[in-house]
Amino acid sequence: MDVLPILIEWFPYLLSGVASTLGLVLVALVLGLLLGLPMALGQVYGSRPVRWVVGVYVWFFRGLPILVLLFLFWFGIFPGLGLGDLSAFVVGAVVLGLRGAAYQSQIFRGAIQSVGEGQMIAARSLGMSRVTAIRSVILPQAMRIALPGWSNEYPNILTDSAVCYAIGVVELLTITSRIVTQTHITMPVYLTAAGIFIILNYGGLKALHRLERRIAIPGFGTGAM
Amino acid sequence: MNNNDIVLRVEDIHKSFGGNEVLRGVSFDVRRGETKVFIGPSGTGKSTLLRCINQLTPPDCGNVWLDGEEVTNSGARINYFRQKIGMVFQNFFLFDHLTALKNVELALLKVRGMGKAEAREKALTELRQVGMEDWADHYPAELSGGQAQRVSIARALAMDPDVILFDEPTSALDPELTREVLEVMKKLAREGMTMLVVTHEMGFACSVANEVLFMENGVVAEQGSPDLLLHDPRFTRMKDFIGRIDSRMED
């Protein structure tokens, strides 16, 4: 049996899984950012109850295996909230995002805390409110400090996204295993899928590193050299 | 004393940190255009005193008035008063992610609500004041300590403050760079800026200060013109202190 023609024949179908995988990653990263950043601010600047809530959230989402989280939300929490109609894709993306938010919040928290306290003091001494100081002085620096660590979230979520296979999201791994079932070709198909994951990984990190260089400031922070 | 001349009134400031009373009742008036220099051993509350004035460290009790308006217990209006009370720090605290120009511009844009062109114009004017206009596009990490401190003075000046607090502005600088910062401060004093300066620079104190306040153990121990404190035999404590510093430097 000649493998290559079969692989070529199925390749477009395999690529259709890439869109779904990248969709999961994109939604999860953005959701993680939108939730993670306010959570970090709450943990650094918030009142005790706010810090407590964020702490519990982070503890919960970092404490459970991704597969357990997926099943909890897919079979229990979302149906229990009357959201049983949500597609597997949405549930997968949201769970990856909620979990990513826990990790991202800690990346941002560390970055915010590593901005020197003098920056806040100087801003306040000029008459800036706390909110203005955070927005105009602290966050622009913290985001630059956070970016290298944040970049790590991309390969993490990309590889984690394959777990969504378990709840039936039609992403790259799901399609890969379908092709294996259809063609009875195993290793070459999985290797092709692996190659695609690696390329996605490399390409995304490359873009993020370019962003790091672009926003780097002479003599400041950890901007990529 | 003509009451109208008084721009800043500080009355009976107390401040403790965890049972340790750093300020034990400090009072003084500052007239417009005056330069007051605070001298004294470290740990006697000089820097804390400055921070109590603009409420970066709210005092436990005591009052501060700026132009007859109470600064202490002013709630959200503190942000208005802080524009009027500039501050220059030992470690500059320039905004590390912004150029010299943007450092001076930022509060004009975000606090005063100035337009971009106007803020830029004003920021450049202030940088020129301190001889840093050629460095407008450089980031803090690209500046020497003396240059950074001059930019931070421009940043304070940009808000058109009634008074500027200098918290050991040259203590992080070597002698060469100290001189360029002191030159700027002397110029400001000549031009009539009201300044409170915590420093160990006796030369500056003697040549610029209208009044020296020698602080010890959280109170003003001696107070008067530099000439008086240094030469009048009734005053001994600041002379003793300076003697101790000098002999230490000769070791």
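Mentor: A residue is buried if 20 or more other C-beta atoms lie within 10 Å of its own. Keep in mind that this is a predicted model.

Trainee: Which residues of H6(A) are called buried?

Mentor: Ala133(A), Ile134(A), Val137(A) and Ile138(A) are among them, as are Arg144(A) and Trp150(A). Each is called buried because its C-beta has 20 or more others within 10 Å.

Trainee: What makes you say that these buried residues pack against other helices, and which helices are they?

Mentor: Contact means C-beta atoms within 7 Å. The partners are helix H4 (88–114), helix H5 (117–125), helix H7 (153–160) and helix H9 (187–215) of chain A.

Trainee: Where does H6(A) bend, and by how much?

Mentor: At Ile138(A), by about 45°. The angle is taken between axes fitted to the seven residues ending there and the seven starting there. A proline, Pro140(A), follows within four residues.

Trainee: How many helices and strands does chain A have?

Mentor: Nine helices and zero strands. From the N terminus on, the elements run α-α-α-α-α-α-α-α-α. Of the 225 residues in chain A, 36% are buried.

Trainee: What share of the contacts in chain A with a separation of 6 or more comes from residues 24 or more positions apart?

Mentor: They account for 76%.

Trainee: Turn to chain B. What is the strand order of the open sheet of six strands?

Mentor: S6-S7-S8-S3-S9-S10, with mixed pairing.

Trainee: Why are S6(B) and S10(B) called edge strands?

Mentor: Because each pairs on one side only, and a pair needs at least two bridges. From one strand to the next, the twist averages 20°.

Trainee: What makes strand S9 (residues 211–216) of chain B and S10(B) a pair, and in which sense do they run?

Mentor: The cut-off is at least two bridges. S9(B) and S10(B) have five, so they pair, and the sense is antiparallel. Glu216(B) stands opposite Val219(B) in S10(B).

Trainee: Which helix packs on the sheet?

Mentor: Helix H5 (residues 145–157) of chain B, touching S6 and strand S7 (163–167) of chain B. The direction of H5(B) makes about 170° with that of S6(B).

Trainee: How many residues of each chain are in contact?

Mentor: 21 residues of chain B with 20 residues of chain A. H2(B) gives the most to the side of chain B that touches chain A, with four residues.

Trainee: How do the residues on that side of chain B divide?

Mentor: Into twelve nonpolar, five polar and four charged.

Note on methods. Residues are numbered from 1 along each chain as its sequence is written. Chains are lettered from A and ligands numbered from 1 in the order in which they are written. This is a predicted model: local features need pLDDT of at least 70, side-chain atom pairs count only at pLDDT 80 or more; totals for chains, interfaces and linings use all residues. Helices (H or I, at least four residues) and strands (E, at least two) are DSSP runs, numbered from the N terminus. A residue is buried if 20 or more other C-beta atoms lie within 10 Å of its own, exposed if 12 or fewer, and partly exposed in between; C-beta atoms are placed from the backbone. Two residues are in contact if their C-beta atoms, placed from the backbone, lie within 7 Å. Axes are lines fitted to C-alpha atoms, for helices over the stretch in contact, and angles run from 0 to 180 degrees between N-to-C directions. Ala, Val, Leu, Ile, Met, Phe, Trp, Tyr, Cys and Pro count as nonpolar, Asp, Glu, Lys and Arg as charged, and the others, Gly among them, as polar.
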